[in-house]
Amino acid sequence: MAHTRIRKFNTRDTYPEQQIDNDLCQAVVARGTMVFLRGQIGQDLDTSESVCIGDVKGQTEQAMKNIDMLLKEAGSRLEHICKLTIYISDPRFREDVYRVVGKWLKGVYPVSTGIVVSAFARPEYLVEVDATAVIPD
């Protein structure tokens, strides 16, 4: 198989209030060299529970914790992140979010894109971070 899919799930379980039935996963390892992560939010990956509702710093911490955990499960680490995309629902969150991300990625120097969006899949989500990393030889 060309790709390994990590933490498969179906949207009907994650978003039971919505009529969606999509098979997704949290991370894809492509040919053993690259890891593409699903955008991570303030959600506990083991329980699918939203955490830190109303707290953008707490949600960012959880997103980065998820990214760290998923990369390790895929055979990579935070220091192998090449690209981040950070989505925030309010431009006033930028400083708090980037401070948390910066703490997790000190010395990594990934490329990064920041985007302000009007909404996420659930109203309690304030930030989403997705990452692409490599798996070292």
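Two strands pair if DSSP finds at least two bridges between them. Helices (H or I, at least four residues) and strands (E, at least two) are DSSP runs, numbered from the N terminus.

The model is a predicted one, in which local features need pLDDT of at least 70 and side-chain atom pairs count only at pLDDT 80 or more, while totals for chains, interfaces and linings use all residues. Residues are numbered from 1 along each chain as its sequence is written, and side-chain values use heavy atoms, with hydrogens and water left out.

**Exercise 1. Strand E3 and its partners**

Task: Determine which strands pair with E3, and in which sense.

Solution. 
Step 1. Strand E6 covers residues 127–134, and its pairing with E3 is antiparallel over three bridges. Within this pair, Met 34 stands opposite Val 134.
Step 2. Strand E2 covers residues 23–30 and is joined to E3 by four bridges, again in the antiparallel sense. Here Val 28 is the residue opposite Phe 36.
Step 3. The hairpin of E2 and E3 has three residues between the strands, and Arg 31 takes a positive phi near 50° in this hairpin.
Step 4. The faces of E3 (residues 34–37) may now be assigned: Val 35 and Leu 37 form the covered face, whereas Met 34 and Phe 36 form the uncovered one.

**Exercise 2. The whole sheet**

Task: State the order of the strands in the sheet, and identify the helices that lie on it.

Solution. 
Step 1. The sheet is open and has six strands in the order E1-E2-E3-E6-E4-E5, with mixed pairing.
Step 2. Strand E1 (3–10) and strand E5 (111–116) are the edge strands, since each pairs on one side only.
Step 3. From one strand to the next, the twist averages 15°. For such angles, axes are lines fitted to C-alpha atoms, for helices over the stretch in contact, and the angles run from 0 to 180 degrees between N-to-C directions.
Step 4. Helix H2 lies across E1, E2, E3, E4 and E6 and runs at about 25° to E6.
Step 5. Helix H3 (residues 94–104) also packs on the sheet, where it touches E4, E5 and E6; the direction of H3 makes about 155° with that of E4. Contact means heavy atoms within 4.5 Å.

**Exercise 3. Buried or exposed?**

Solution. 
Step 1. The classes are buried (under 20% relative accessible area), exposed (over 50%) and partly exposed (in between), with a 1.4 Å probe and protein chains only.
Step 2. His 80 is located in the loop between helix H2 (56–74) and strand E4 (81–88). Leaving aside residues up to four places away in sequence, His 80 touches Thr 132, Ala 133, Val 134 and Pro 136.
Step 3. Gly 114 belongs to strand E5. Ile 86 and Tyr 98 are its contacts, residues up to four places away in sequence not being counted. Gly 114 and Tyr 98 are 16 residues apart along the chain, and their C-alpha atoms are separated by 9.5 Å.
Step 4. Lys 103 lies in helix H3. From C-alpha to C-alpha, Lys 103 and Glu 61 are 9.7 Å apart, although 42 residues separate them in sequence.

**Exercise 4. Positive phi values in loops**

Solution. 
Step 1. Most residues other than glycine have a negative phi.
Step 2. At 34% relative accessibility, Ser 48 is partly exposed.
Step 3. At 75% relative accessibility, Tyr 109 is exposed.

**Exercise 5. Cysteines**

Task: State how many disulfides the structure contains.

Solution. 
Step 1. A disulfide is a pair of cysteine sulfur atoms within 2.5 Å.
Step 2. A search of the whole structure gives zero disulfides.
Step 3. Cys 52 is partly exposed, with 33% relative accessibility, and Cys 82 is partly exposed, with 38%.
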